[in-house]
Amino acid sequence: MPNASSWSASSPLLLLWEDSSGTRIFLSLLYAVLAISGTLSNVMVIYLVFSFKKLQTTSNAFIVNGCAADLSVCALWMPQEAVLGLLPPNSSSLRSAEYRLLRGGLLGLGLTVSLASHLLVAFNRYVLITKLPSVYQALYQRRHTGCMIGLSWALALLPVPLLPGLWTLGSAQSDGSSRYTALLLALAVLGQTALLLHCYLGIVRRVRGSAKRVSVLNFHLLHQLPFPAAPPPPRRAQRRLSSVSVLLLCCVFLLGTQPLVWVSLLGFFLRPAPPALQAASWLLLCSLSALNP
């Protein structure tokens, strides 16, 4: 098994930490499956939004933006990793620093815009449900929506100078810059997660409170009618289904993002996590691009 420095310098895969052929083949197959499924599902979502006029809403514009970013990972980055994993470890193409930087750029760009799109969708729904319609219409004009989408891509280009540090992320022999790159990455994802959870939990509280007020109002009105009224349709199951859907969405997002956050924080404040744990945390984050649709 190579040491940490050789893992970060000569590994054909960003997530690969062992030079055995079995590991490379397994990861190549896994990348191939994620690339095919993620590409097809993201293309399908984009196709549906552009094909049906009723789906062309502001919230879906952010979803399409996220799907386009996920295609950068699933359709451009993952197929390269799947092919490179089958090449010999001493291949000249694998040792090219420029090519490694290009692959890191595709991955970083796609993941950053995808995570930003998650937050934009959550904030859009939060404003739509919890604020007045006039506030929503003023905030989400067509020009403002385009600026938000463009800003997500512009912000994704800022960390490009930090990409080389990702190759030594968590390495025992990495320099201080890579350790601070790991810390910056962890704090950014952690802050984005906190804002996203705040939006969705606020939506759940608002919907539950509104449903309770409507139920109490209907109860008083029905008892004031001079004739027997039909029983109101059951809504508890619908509210429970909505809560479960939001909970499931949050759980999948947390499962994909939080392992990398805590592995990075562990490597900065205590000691680097085992390479296998680093690989698993990166793989979960990358697989989120295939699970997003």
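Predicted model: local features only at pLDDT ≥ 70, side-chain atom pairs only at ≥ 80, totals over all residues.

Biologist: How many residues has H3, and how far does it reach?

Modeller: H3 covers residues 58–84, 27 residues in all. From first C-alpha to last it reaches 39 Å, close to the 39 Å expected.

Biologist: Where does the kink in H3 lie?

Modeller: At tryptophan 77. The kink is about 35 degrees and comes shortly before proline 79.

Biologist: New topic. How many aromatic pairs are there?

Modeller: The count comes to 3. In one of them, the ring centres of tyrosine 31 and tryptophan 77 are 5.4 Å apart. Their planes stand at 85 degrees, so that pair is edge-to-face.

Biologist: Which parts does that pair tie together?

Modeller: Tyrosine 31 lies in helix H2 (residues 21–51) and tryptophan 77 in H3, so the parts it joins are 46 residues apart in sequence.

Biologist: Are those two residues buried or exposed?

Modeller: Both tyrosine 31 and tryptophan 77 are buried. Another pair is phenylalanine 62 with tyrosine 140: centres 6.1 Å apart, planes at 70 degrees, so edge-to-face.

Biologist: Where do phenylalanine 62 and tyrosine 140 lie?

Modeller: Phenylalanine 62 is in H3, and tyrosine 140 is in the loop between helix H5 (133–139) and helix H6 (142–157). Both residues are buried.

Biologist: Which residues do ring pairs link into a cluster?

Modeller: Phe62, Tyr136 and Tyr140.

How values were computed
Residues numbered from 1 in each chain as written. Heavy atoms only, no water. Helix = DSSP H or I, 4+ residues; strand = E, 2+ residues; numbered from the N terminus. Expected span 1.5 Å × (residues − 1). Bend = angle between axes of the 7 residues up to and from the residue. Phe/Tyr/Trp six-rings, centres within 6.5 Å; stacked < 30°, edge-to-face > 60°. Buried < 20%, exposed > 50% of the residue type's maximum accessible area, 1.4 Å probe, protein only.
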